[in-house]
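Here's a quick briefing to read with the model open in your viewer. Start with the packing of the helices, then work through the cores and the charged pairs.

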Amino acid sequence: MDVSETTFQSAVLDRSHTVPVVVDFWAEWCGPCRQLGPVIERAVDARAGRVELAKVDVDANPGLARAFGIQSIPAVKAFRDGKVAAEFIGAQPPTAVEQFLDSLLPSEADALVERGDEESLRRANELEPTRADAAVPLARILKDRGETDEALAILARVPGSFAADGLAARVGLESAARNGAQPPVPDLSEAFAALDAGDHERGLDLLLEALPGADGARDDVRRVVIGILDELGVEHPLARSARRRLASALY
């Protein structure tokens, strides 16, 4: 597909939110471009729509060449979610082109996580045990079924994940409440029920209200709140306001 300055936005940037788009910056006079062109076209065709190819003639579209800093051709840039995700310069052998394209495609674990059922999440967790977006939903399924030991074992293999740490803290708080731990932990059942129902605002309100009087359980409640905020994302308006309230409650 030939792309021009007028069609680049829709054909490449917008389209890359759906499927990776590889852009081959080339020119008719460029010998290495003519070598690379058929190689990359065959490799893209072999992936049957999982990646798309756009070709930009730099002589006909100097604005695009300047915008993307093209100083030598052939130059290949792969776009994903509207941004350059990978690139290379110069004619490459077929094996290198194949590897480049494969790096843009979802892995087996990506596809399994996308499915989201227990069997798929288990397989994704086997493939990548430290992957939080597989471990956390799988552990949540196990927790809800009462299989807390396995849930905690899975979460323990995910380093540096606030979401995993927060869910592990919740499992611990719920277990302590069931077993009548001393000193007693605060009753957070209403907060957890709200979270399970998708009412994050109500759940966070109740957790933050419980935090000052949580005594020995304060750190666990804090970890639960931070895990929820991590799953919401830094730009979520609820997360921004809750983060300020958390800081006030703690300090």
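In which kind of crossing, left-handed or right-handed, does helix 9 pass helix 12? The crossing is left-handed. Keep in mind that this is a predicted model.

**Helix packing**

- Helix 9 and helix 12 pack with their axes 7 Å apart, at an angle of about 140°. That makes helix 9 oblique to helix 12, because an angle has to be over 145 degrees to count as roughly antiparallel.
- On the helix 9 side, this contact with helix 12 is made by Phe-162, Ala-163, Asp-165, Gly-166, Ala-168, Ala-169, Arg-170 and Leu-173. Helix 12 answers with Asp-220, Val-221, Arg-223, Val-224, Ile-226, Gly-227, Asp-230 and Glu-231.
- Helix 9 also packs against helix 7, with an angle of about 15° and axes 10 Å apart. So helix 7 is roughly parallel to helix 9.
- The contact brings Val-136, Ala-139, Arg-140 and Lys-143 of helix 7 up against Ala-163, Ala-164, Leu-167, Arg-170, Val-171 and Glu-174 of helix 9. Helix 7 passes helix 9 in a left-handed crossing.
- Ala-163 and Arg-170 of helix 9 turn up in the contact with helix 12 and in the one with helix 7.

**Nonpolar cores**

- The largest nonpolar core has 22 residues. Those with the most contacts inside it are Leu-173, Phe-192, Leu-204, Leu-207, Val-221, Val-224 and Val-225.
- Two or more residues of this core come from each of helix 9 (162-178), helix 10 (189-196), helix 11 (200-210), helix 12 (218-232) and helix 13 (237-250). Helix 12 gives the largest share, 5 residues.
- Apart from this core lies another, of 21 residues, with Leu-13, Ala-54, Leu-64 and Ala-65 among them.
- Helix 11 has Gly-203, Leu-204, Leu-206, Leu-207 and Leu-208 as its buried residues, and they pack against helix 10, helix 12 and helix 13.
- As background, nonpolar side chains in soluble globular proteins tend to be buried together.

**Around Leu-138**

- Leu-138 sits in helix 7. Its relative accessibility is 1%, so Leu-138 counts as buried.
- Not counting residues up to four places away in sequence, Leu-138 touches Glu-118, Leu-121, Arg-122, Asn-125 and Ile-154.
- Take Arg-122 from that list: it is 16 residues from Leu-138 along the chain, yet their C-alpha atoms are separated by 6.9 Å.

**Salt bridges**

- The count comes to 26 salt bridges. Side chains of opposite charge can pair when their charged atoms come close.
- Arg-131 pairs with Asp-110, with the closest N and O atoms 2.5 Å apart. Arg-131 is in the loop between helix 6 (118-127) and helix 7 (132-144), and Asp-110 is in helix 5 (residues 108-115), so the pair ties together parts that are 21 residues apart in sequence.
- Buried or partly exposed, what are the two partners? Arg-131 is buried, at 15% relative accessible area, while Asp-110 is partly exposed, at 29%.
- Arg-122 and Glu-118 form a salt bridge at 3.2 Å, N to O. They are 4 residues apart in helix 6, so about one helical turn separates Arg-122 from Glu-118.
- Arg-123 is partly exposed, with a relative accessible area of 36%, whereas Glu-126 is exposed, at 56%.
- Which residues are linked with Glu-118 and Arg-122 in a network of salt bridges? Arg-145, Glu-147 and Glu-150 are.

Notes:
Residues numbered from 1 in each chain as written. Predicted model: local features only at pLDDT ≥ 70, side-chain atom pairs only at ≥ 80, totals over all residues. Heavy atoms only, no water. Core = buried A, V, L, I, M, F, W, Y, C linked by side-chain atoms within 4.5 Å. Buried < 20%, exposed > 50% of the residue type's maximum accessible area, 1.4 Å probe, protein only. Salt bridge = Lys/Arg side-chain N within 4 Å of Asp/Glu carboxyl O. Axes fitted to C-alpha atoms, helices over the stretch in contact; angles between N-to-C directions. Parallel < 35°, antiparallel > 145°, perpendicular 65-115°, else oblique. Left-handed = near helix turned anticlockwise from the far one by under 90°. Contact = heavy atoms within 4.5 Å.
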